[in-house]
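My notes are below, in the order in which I looked.

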Amino acid sequence: MADIHKLLEFDRVIEYIKQKSLSPANQSRFDSIPFLTDKDQILEALNLVTELVYILQHDKPFPFRFDDIKNDLSIAAVAGSQLRPEGLIRILNSLQTSRRVYGYLRARSESSPDLWRLAGQLQKCKKLEDEITNKLDIATAEIKSSASPKLARIRKEIGRLEQKARKSLDSLFKKCADRGYLQESLVTLKDGRLVFPVKKESKNKVPGLIHDVSATGATFFIEPIESLQLNNEAQALRVEENDEIDRILRELTSLVLADHAVISRNFYIICELDFIQAKALFANELNCCQPLLNEAHTIEIFAGRHPLLVLRKSEAGEVVPLKLSLPGDLPTLVITGPNAGGKSVTLKTVGLFALMTQSGIPIPAHPDSTFPVFTSIFADIGDSQSIENDLSTFSSHVARIAQILKQATHKSLVLMDEIGVGTDPAEGAALSIALLEELTRRGCKTIVTTHHSNLKAFAYETEGVENGSMEFEVENLKPTYKFKAGVPGSSYALEICQRMGLAEAILLRSRELLGEDKQRLENLILELEQKSQHSERLSEGLQLDRARLEKLTKAYEEKIGSLKKYERETKKKALAEAQELISQSNATVEHVIKEIKEKQAGREAVANARQQIAQKSREIAVQQNEVAYSEPENLQEARAEIVVGETVLWKKQRKTGQILETPEGSDKVLVQFDNLKFRVRADELMQPPEEKKEKKKLSVVIHTEAKDTVLPEIDVRGQRVEEGIAKVDKFIDDALLAGWDQVRVIHGKGTGALRKGIVSYLETHAR
């Protein structure tokens with residue numbers, strides 16, 4: 001697999017990932033990362049990384065740190081051993097990390113079930129944590145005085161003796177300093193004892209014990225006789241202090257030994273989490289996703305980007321995404337096309353994605369991408385000439401082919417770049433066809449790149465084998481790096497040579513030597529490529545039109561829904577108002593009747609009653625006019641025949657009545673409406689529509705242009721101001737309904753009147 005890792009550049013991807021591991025010791029695990037062949041194991045490895053990627057992107061920071069305690073655990077495993085404070089602090093940090101990770105993932109057990117299954121095995125060692133915390137100063141890595149009563153007593157006594165010794169030396173130190181015996185005015189501590197820095201020439205003038213001499217010999221460090229006894233007592237206490245510290249460290253180490261199995265298990269899980277986090281950090285950086293696994297032996301890649309290309313580019317968007325599909329019933333793919341068109345990158349991307357997937361690493365592709373589980377991957381990529389073994393490039397290729405034929409099965413992925421290269425073209429093509437026939441017969445998933453034209457015909461004619469090519473812009477002879485399935489590609493060798501200025505005579509002779517059949521095939525491929533690109537552009541246009549139509553349809557539905565809602569609410573309001581009017585009218589009538597009875601129907605009371613009823617009728621008529629919008633608007637506009645006894649419709653009030661008198665010297669007609677009489681202008685009367693049993697429903701019709709005919713631009717140059725504004729007004733309405741959020745109006749220069757008029761109009765436009 002090491003050879004495959006190098007050929008497919010998987011080793012470079014791994015090198016990048018391993019740098020994200022927090023432990024240099026743990027990084028070595030990536031050098032031997034396992035190639036998983038069990039589907040469940042692959043899914044578990046991918047799920048762990050995917051869950052952690054989600055946490056990195058959407059959740060609170062993962063409470064993870066790594067302290068390498070492997071050596072500390074080895075020391076603690078020996079009975080009677082003693083860990084230094086630094087080692088105990090590393091173990092404490094590891095235990096605290098285990099406890100925090102456990103609590104963090106326990107709270108997220110539903111959203112991160114696989115991580116929780118791993119972290120759920122972590123165990124607490126609270127007693128050990130407390131003991132280390134209570135007895136060690138974490139900041140200074142020293143034993144606290146409170147670690148034991150004996151240590152506290154010893155340190156207190158040492159402090160008392162040192163203070164006493166310092167006081168006894170103060171007067172002597174001042175005397176020596178005044179006499180110029182000292183090299184510097186500072187009492188120094190040597191091996192825990194207070195000494196004077198005495199000049200060489202004054203060493204015999206300061207009675208005491210010489211402890212040290214400076215490197216130049218100019219300074220002697222002398223412990224005065226006055227403090228010798230006190231320093232001896234303090235030194236003896238320091239020996240006791242060290243013995244007590246060693247005892248405390250051995251005691252803490254014994255506690256580590258007691259929990260050794262738990263700590264070791266926790267450390268193993270922490271190492272696993274560091275391994276997973278390194279992959280997750282890589283996946284998060286490159287926007288990788290977990291692919292699907294299938295048992296149909298299908299390869300499908302959507303929006304795939306080679307990770308090394310992404311890392312090389314300043315922005316991931318600069319990498320042309322790969323879309324490739326190789327169904328289960330199609331074992332072999334032959335990719336052709338020009339040099340530097342992306343054939344090798346496509347080949348390596350497929351192999352690299354397969355390796356990453358089966359190593360538990362998400363791939364930089366759309367999550368709908370899917371791969372089968374391969375038991376083995378074989379690759380023959382690049383020149384492999386070996387000077388040591390005296391093998392030519394072709395011989396090296398043959399050696400690899402022989403190995404592939406020995407081991408490849410229907411669950412293998414075989415990748416070969418420039419198959420059949422390095423020997424006579426005819427023989428190389430024949431050997432390649434025979435090899436592909438055998439691999440196809442076995443059902444191996446095989447992808448090869450080639451320039452041999454015979455292989456294009458072979459792929460077209462052979463069941464289970466398909467052509468593919470890298471798209472090439474024919475107009476400017478530039479690669480697009482887009483893969484096209486089902487279509488062979490041309491090498492464009494002569495076209496590229498022509499573009500680069502090669503003599504026309506050479507090109508003409510080359511075409512003659514190429515042969516008529518060969519030239520016809522290349523021309524056919526070229527024409528097919530042009531038609532394919534044109535078809536794709538049309539398809540993209542249709543997809544855009546479809547999206548526009550869906551947006552327009554949604555806009556229509558929303559507008560119609562709003563109108564229907566408005567209609568329902570308005571009718572409801574109108575009915576409520578009508579009910580209120582009826583109640584008021586009934587109250588008025590009852591009041592009038594009561595008044596007539598009380599006044600015994602006097603002439604004045606009757607006249608007053610008629611006046612009140614007439615006033616209420618006029619109020620009802622006004623209210624009816626306000627809600628008349630809910631009546632049909634398509635009434636027949638036929639003028640009524642002004643004849644006594646003729647039934648007419650009063651347009652203004654939507655009331656039907658009967659003519660009582662024709663106008664005489666006036667344009668008003670006396671009409672009876674129910675129990676009321678009104679004089680109405682003749683031009684407001686019309687023939688009533690035919691009565692219908694069912695009330696007509698409100699009808700709303702919106703006229704607009706389909707979005708495929710409404711471009712986001714209108715040209716009104718050369719038109720009059722009024723005409724131009726009218727067209728712009730309609731254009732904006734159509735554009736809004738079509739879903740455009742930005743449009744352009746071209747008005748030209750001319751006198752500037754059209755521009756000023758349109759600008760003035762747009763400044764007050766609601767949209």
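**Entry 1, the chain.** I noted that the model is predicted. I counted 22 helices and 23 strands in the chain. I found that buried residues make up 41% of the 767 residues. I then took the contacts with a separation of 6 or more, and residues 24 or more positions apart account for 68% of them.

I asked how many of the six residues of β6 (residues 219-224) are buried. Six of the six are, so β6 is largely enclosed by the rest of the structure. I checked the faces separately: Thr-219, Phe-221 and Glu-223 lie on one side, Phe-220, Ile-222 and Pro-224 on the other, and all are buried. The general rule I kept in mind is that side chains in a regular strand alternate between the two faces of the sheet.

I looked up the partners next. β4 (residues 193-199) pairs with β6 in the antiparallel sense over four bridges, and β5 (residues 208-213) pairs with β6, also antiparallel, over five bridges. I followed Phe-221 to its partners: Pro-197 has Phe-221 as its bridge partner in β6, and Asp-212 stands opposite Phe-221. Between β5 and β6 I found a hairpin with five residues between the strands, where Gly-217 takes a positive phi near 80 degrees.

I traced an open sheet of six strands in the order β12-β13-β14-β10-β15-β16, with mixed pairing. β12 (376-380) and β16 (478-485) stand at the edges with a single partner strand each, so one side of each is left without a neighbour in the sheet.

Leu-415 stands opposite Ile-447 in β14. I also found helix α16 (residues 453-461) packed on the sheet, where α16 touches β10 (332-336) and β15 (465-473). The direction of α16 makes about 125 degrees with that of β15.

I asked at what angle the axes of α6 (residues 85-106) and α11 (residues 260-285) cross. They come within 10 Å and cross at roughly 70 degrees. That makes α6 roughly perpendicular to α11. I noted the crossing as left-handed.

I listed the residues that meet: Ile-91, Leu-95, Thr-97, Ser-98 and Val-101 in α6, and Ile-263, Asn-266, Ile-270 and Leu-273 in α11.

Notes:
Residues are numbered from 1 along each chain as its sequence is written. Side-chain values use heavy atoms; hydrogens and water are left out. Axes are lines fitted to C-alpha atoms, for helices over the stretch in contact, and angles run from 0 to 180 degrees between N-to-C directions. Helices (H or I, at least four residues) and strands (E, at least two) are DSSP runs, numbered from the N terminus. Angles under 35 degrees count as roughly parallel, over 145 as roughly antiparallel, 65 to 115 as roughly perpendicular and the rest as oblique. A crossing is left-handed if the near helix is turned anticlockwise from the far one by less than a right angle, and right-handed if clockwise. Contact means heavy atoms within 4.5 Å. Buried means under 20% relative accessible area, exposed over 50%, partly exposed in between (1.4 Å probe, protein chains only). Two strands pair if DSSP finds at least two bridges between them.
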